[in-house]
Amino acid sequence: MSRRVAITGNEAIAEAMRQINPDVVAAYPITPATEIVQMFANSVSDGKVDTEFVTVESEHSAMSAAIGASAAGARAMTATSSQGLALMWEMLYIAAGLKLPIVAPIVNRALSAPINIHCDHSDTMGARDSGWIQIYSEDAQEAYDNLIQAIRIAEHPDVLLPAMVTMDGFIVSHGMSNAEFLDDDVVRGFIKEYEPKHYLLDVENPITVGALDFSDWYFEHRRQVADAHTRVKDVVLQVAEEFKGISGREYKLFDGYKLDDAEYAIVIVNSAAGTAKTVVDELRAKGLKAGLLKIRLFRPFPQEEIVEALSGKKAIAVLDRADTLSLMGGPLYIDLRAAMYDSPGPRVKMVNYIYGLGGRDINMEQIAGVYNDLVEIVKTGEIKRSVTYLGVRE
Amino acid sequence: MATLKELSMKDELLCGGHRACAGCAAPIAIRQALAAVDTDVVVGCATGCLEVTTTIYPYTAWNVPFIHSAFENSAATISGVETAYRALKKRGKIKRDIQFIAIGGDGGTYDIGLQSLSGAMERGHDMVYICYDNQAYMNTGIQRSSATPKGASTTTSPTGSAIPAGKVQIRKDLTEIMAAHHIPYAAQGAPSHWKDFMRKVKKALAVEGPAFINVLSPCRLGWRFDPAETIDIMRLAVSTCFWPLYEIENGVVKVNQKPRDKRPVREWLEKQGRFRHLFAPENEGLLEEIQKDIDDNWNRLLAREAMA
C-alpha cells in the first residue's frame with residue numbers, strides 16, 4: 001500500500017534513496033541538501049539500508065568516489081547543491097564521458113558571490129552542458145517520483161548516462177507538502193537490480209577505464225555521448241509509462257497547463273510553476289487565454305515536442321531563475337529561442353524574465369504582469385525589452 | 001620473498017610496449033609493486049606520466065582492471081572502487097578477494113591530490129597508495145612541485161641571475177604527513193632496492209586499512225642524467241641519505257637501510273643537470289645548507305627509531 005504523508009522535499013528524496021538502497025553513496029554536507037545526507041546516514045546507522053556510505057572530504061571527492069564505485073560495477077549516488085555542484089564540475093564531465101549511470105538529487109541553490117544559501121537555478125543550469133541528463137521537479141512528489149525514475153533512465157542500456165534530479169532549495173527542500181510514497185517492494189521491483197556489462201571488479205575480464213584519447217579518437221568518443229543523449233527521450237517516456245502503472249501518476253517530457261488553446265504562454269521550471277498555474281487560472285477566469293509549459297526533461301532538450309506545443313502561440317515569456325550574463329538572457333530562454341527558430345508559421349514573439357535569484361520571492365502580481373506584457377506586445381507588435389529582471393531593485 | 005628468477009616467470013601486469021621514456025623509474029617501480037601482489041588487484045592512477053604513457057587508446061599496458069579519472073583524485077576514485085567492492089561482496093555479488101592500489105605522481109599526491117589522499121587515509125579504505133615521486137611536474141614539462149628539492153632548477157624555478165639557487169624552498173615531507181594520519185603502515189622505498197620495496201608493498205597490502213608508500217622515481221629528462229644510470233642515481237639517493245628507506249608500522253619507526261659509508265650529498269647532486277648551478281662559486285653556501293638539511297633529517301629519523 002502506498003502511503004500519503006506530509007513531507008519536505010529533502011525527506012522525500014531521502015526516503016526515495018532509502019527505498020532505492022544503492023550499493024554506494026558518497027556525499028558531503030552543503031545547505032540546503034545537507035538534510036538528505038543526514039537522513040540517509042540515519043538509514044545507514046539504523047540498518048534500514050545496506051548501502052556503503054562514504055563520508056568524503058569534499059564534493060569533488062564525492063563525485064570521484066561515485067565514479068570509482070560506478071565504474072567498479074556498483075549503483076552509486078550522491079546529493080549536493082550550489083558550490084558543491086560547482087566543485088564537482090570537472091568530475092561531472094568525466095562521469096558523462098565515461099558513461100557512468102550515477103544518479104544525483106540536486107537541491108537548487110544560488111552560486112557565490114555574494115554567498116547565498118537560497119534558491120535559484122544557477123548551479124544546475126551551469127552544469128547543463130556537462131553531459132548529464134537533467135530532470136527538474138516542481139514539488140516533493142515530483143522530486144521523489146523523478147529520482148526513482150532516474151535510476152531506470154540512467155541505467156537503461158540504450159542510455160548509460162549520469163542523471164541529476166533537481167528541486168528548489170528551501171521552497172521545496174524544506175517546505176512541507178503532501179506526497180504519496182510507494183511501497184519499498186514496489187520501488188525495488190521497479191528499479192530492478194543493476195547489472196553492468198563491463199566493470200572493474202570483473203577481474204577475469206580486465207578493462208581500462210579513462211584511457212587517453214588523442215585527436216584520432218577523442219571526437220568519436222565525445223560523439224558517442226551525444227549519441228546516447230538522442231536515445232534518452234524515448235527511454236524517459238517508456239519509464240514514465242511504466243511508472244504510471246505502479247503509481248497512477250503521469251509524467252512526460254514537459255507539462256502543459258491549459259496550454260493547448262492558450263494564446264499567451266509562460267515557460268518555466270520547478271516550484272514557481274505552481275504559483276504561475278494559479279495565475280493562469282485567474283486570468284482564464286477573466287477570459288484571457290493564458291497557458292503554461294513546465295519543462296521536466298531539460299537535458300537532453302526535447303526540441304521537437306516543445307516547438308510543437310508552443311507553435312502558433314501569439315507570444316511567449318520564458319522565466320529563468322538563472323542568468324547567463326551573456327546579455328542574451330537566461331539559459332532556458334536562449335535554448336527556447338534557438339528551438340523556436342524552426343517553428344512553422346510566423347515567428348512567435350518571445351521575451352525573457354530573470355527572476356528569483358538568491359531566493360527572492362516571485363508573486364502572483366508579478367507573473368500576472370508578465371502575461372499583461374505579452375498582451376501588450378501582441379497589441380503593439382513591439383518588444384520594448386527582450387530581457388527583463390523581474391522583482392529587482394534597479 | 002621470491003627470487004629474481006621466480007619473479008621473471010610471473011605474468012607482467014604492467015606490460016611492455018608502453019611509451020614511458022627509456023630510463024623512467026615509474027614503470028619499474030609499478031612492475032615491482034604488481035609483482036608483489038598475490039591476489040586479484042584493481043589499479044587506479046592519477047593523470048600524469050604513468051597514466052598517459054600506458055593507456056593511449058586503443059591500447060593499454062595494464063593487464064589488470066585499471067581506472068584513471070582525473071589528476072587530484074586517484075585516492076578518492078579508488079576509495080569508490082574499494083567501497084563498491086565491500087558493498088557488492090556484502091550483497092554476495094562478488095566472491096573473490098581483491099586488493100586495491102592507487103597511484104599518483106608527486107604533483108598528483110603532494111600537491112593537488114593531497115586533500116583527496118588525506119580524506120581516503122582518514123576514512124580507512126583498505127587500499128595501498130603508491131606515490132612515484134619524481135620531484136616535479138614531469139608530464140607537463142618539469143615544473144616545480146612541493147616535492148622538488150631545494151636547489152633544483154625546474155622550468156618554474158629556473159636558476160637565474162636574480163635567483164641563482166633554483167628552487168629556494170625545502171621539500172614537503174609527505175611520508176611523515178601520511179604517518180601523522182596514524183594509518184597502520186607508511187613507508188619509503190626505491191626500486192633500486194627491489195627486495196626492500198617489494199617487501200614493503202606486500203606488507204602494505206597485508207595490513208587491514210590504508211597504507212602509503214612513497215617511492216623514489218628518478219626522471220632522466222627532469223633530473224638530466226644518462227638514462228642508463230637510473231638505478232645508480234637511486235642507489236646514491238639512498239647512500240647519501242637524501243632518500244632514507246624506512247617504514248612506520250603502527251607508529252613504530254624502522255630504518256631499513258643504514259649506509260655503512262654515508263656519502264656526501266654532492267656526489268648525488270653532481271650527477272644531475274638540474275643541480276649543476278649549485279657547483280658555481282656563488283652557490284657554495286647553498287650546498288652546505290643542503291648537506292645540513294639532509295644530516296638533520298637523517299639524525300632525526302635515527303633518533304625516532306631509537307625512541308621506539
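Q: How many salt bridges are there between chain B and chain A?
A: In this predicted model, the count between chain B and chain A is seven salt bridges. One of them joins Arg86(B) to Glu52(A), with the closest N and O atoms 2.8 Å apart.

Q: And how many residue pairs are in polar contact across that interface?
A: The rule finds 20 residue pairs in polar contact across the interface of chain B and chain A, counting pairs in which both residues have pLDDT 80 or more.

Q: Which element of chain B gives the largest share of the side that touches chain A?
A: That is helix 4 of chain B, from which twelve residues of this side come. The elements that give two or more residues to it also include strand 1 (40-45), helix 3 (49-54) and helix 6 (114-123) of chain B.

Q: What area do the two chains bury between them?
A: Chain B and chain A bury about 3300 Å² between them, and 61% of that is on carbon and sulfur atoms. As for who supplies it, Tyr57(B), Arg91(B) and Arg123(B) contribute 19% of the area that chain B buries against chain A, more than any other three residues. In terms of contacts, 43 residues of chain B meet 43 residues of chain A.

Q: Let's stay on Tyr57(B): where is it in the chain, and what is it in contact with?
A: Tyr57(B) is found in the loop between helix 3 and strand 2 of chain B. Once its neighbours within four places in sequence are left aside, Tyr57(B) is in contact with Ala211(A), Leu212(A), Asp213(A), Trp217(A) and His221(A).

Q: Why does Tyr57(B) count as partly exposed?
A: Tyr57(B) counts as partly exposed because its relative accessibility is 30%, and that class runs between the 20% limit for buried and the 50% limit for exposed.

Q: Switching to salt bridges in general, how many does the whole structure have?
A: A search of the whole structure finds 50 salt bridges over all chains. One of these is between the side chains of Lys277(A) and Glu138(A), at 2.8 Å from N to O. That pair links distant parts of the chain, 139 residues apart, with Lys277(A) in helix 11 (residues 272-285) of chain A and Glu138(A) in the loop between strand 6 and helix 7 (140-155) of chain A.

Q: Are Lys277(A) and Glu138(A) buried or exposed?
A: Lys277(A) counts as buried at 19% relative accessibility, and Glu138(A) counts as buried at 11%.

Q: What does the salt bridge of Arg249(A) and Glu180(A) tie together?
A: The closest N and O atoms of Arg249(A) and Glu180(A) are 3.2 Å apart. Arg249(A) lies in the loop between helix 10 (232-247) and strand 10 (254-257) of chain A, while Glu180(A) lies in strand 8 (residues 176-181) of chain A, so the pair ties together parts that are 69 residues apart in sequence. Arg249(A) is itself buried, with a relative accessible area of 15%.

Q: Over in chain B, which residues are linked in a network of salt bridges?
A: The network links Asp196(B), Arg199(B), Lys200(B), Lys203(B), Glu247(B) and Glu249(B). Chain B also has a salt bridge between Glu12(B) and Arg31(B), whose closest N and O atoms are 2.8 Å apart.

Q: Now the rings: how many aromatic pairs are there over all chains?
A: The count comes to 16 aromatic pairs over all chains. In one of them, Tyr136(A) and Phe298(A) sit edge-to-face, 5.9 Å centre to centre with 85° between the planes. This pair links strand 6 (residues 133-136) and strand 13 (residues 297-299) of chain A, 162 residues apart. Tyr136(A) is buried, with a relative accessible area of 1%, and Phe298(A) is buried too, at 0%.

Q: What other partners does Phe298(A) have?
A: Phe298(A) also forms an edge-to-face aromatic pair with Phe301(A), at 5.9 Å centre to centre and 90° between the planes.

Q: Last one: which residues form the aromatic cluster in chain B?
A: Trp223(B), Phe225(B), Phe242(B), Trp268(B) and Phe275(B) form one aromatic cluster.

Technical notes: Residues numbered from 1 in each chain as written. Chains lettered and ligands numbered in written order. Predicted model: local features only at pLDDT ≥ 70, side-chain atom pairs only at ≥ 80, totals over all residues. Heavy atoms only, no water. Phe/Tyr/Trp six-rings, centres within 6.5 Å; stacked < 30°, edge-to-face > 60°. Helix = DSSP H or I, 4+ residues; strand = E, 2+ residues; numbered from the N terminus. Buried < 20%, exposed > 50% of the residue type's maximum accessible area, 1.4 Å probe, protein only. Contact = heavy atoms within 4.5 Å. Buried area = accessible area lost by both parts, 1.4 Å probe. Salt bridge = Lys/Arg side-chain N within 4 Å of Asp/Glu carboxyl O. Polar contact = N/O pair within 3.5 Å; in protein donor to acceptor, adjacent residues only side chain to side chain.
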